[in-house]
Amino acid sequence: MNRRRFLASSAVVTLFPQWAGAGGFEVTRTDAEWRAMLTPLQYKVMRQEGTERAGSSPLDKQYGEGRYHCRGCDLPLYSSRHKYDSGTGWPSFYKSLPGAIGTKEDRKLWRVRTEVHCRRCGSHLGHVFDDGPKPTGKRHCLNGVSLVFKPA
């Protein structure tokens, strides 16, 4: 860890001690609790940053009015108004609900991507890419197993 990152991390923990443990998320569970509430695929995606197979989620073709919530903590994350068919085989949105997600740098697969997670429980949702539609130009490419659709 370089000196600048260490100092920044120390400042955050000092100023916001509630963020110090368990990744700094409001909702925390033990590994056993996560495993008990999730299927093996949900656990792999949400807790180990895996990816579901393209085209496997029924939420990819769900276009009813409503909201998409985090499966891990029920936080509303995305509105159906911002969903579109990206043709990728994963549910895609051009923006999230305000204050719903967090992001971090993902350097897996020999390139830098932006990983998206639930800001409340830290569950992995997918990635954000810069090839989406207007008005944002973003594509939030998500794993359907991380989401629960709730009709309006």
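Figure 1. The model is predicted, and local features need pLDDT of at least 70, side-chain atom pairs count only at pLDDT 80 or more, and totals for chains, interfaces and linings use all residues. Residues are numbered from 1 along each chain as its sequence is written, and side-chain values use heavy atoms, leaving out hydrogens and water. Aspartate 74 is not a glycine, yet its phi is positive, at about 70 degrees.

**Figure 2. The hairpin of S1 and S2.** Strands are DSSP runs (E, at least two residues) and helices are DSSP runs (H or I, at least four), numbered from the N terminus. S1 and S2 form a hairpin with 5 residues between them, and aspartate 74 lies in the turn. The two strands pair in the antiparallel sense over 3 bridges; pairing requires that DSSP finds at least two bridges. Tyrosine 68 stands opposite tyrosine 78 in S2.

**Figure 3. S1 beside S9.** S1 also pairs with strand S9 (residues 147–151), in the antiparallel sense over 5 bridges. Glycine 66 has proline 151 in S9 as its bridge partner. Of the 5 residues of S1, 4 are buried, so the strand is largely enclosed by the rest of the structure.

Figure 4. Glutamate 49 lies in the loop between helix H3 (40–48) and strand S1 (66–70). Its phi is positive, at about 60 degrees, although the residue is not a glycine. Glutamate 49 is partly exposed, with a relative accessible area of 27%.

Note on methods
Buried < 20%, exposed > 50% of the residue type's maximum accessible area, 1.4 Å probe, protein only.
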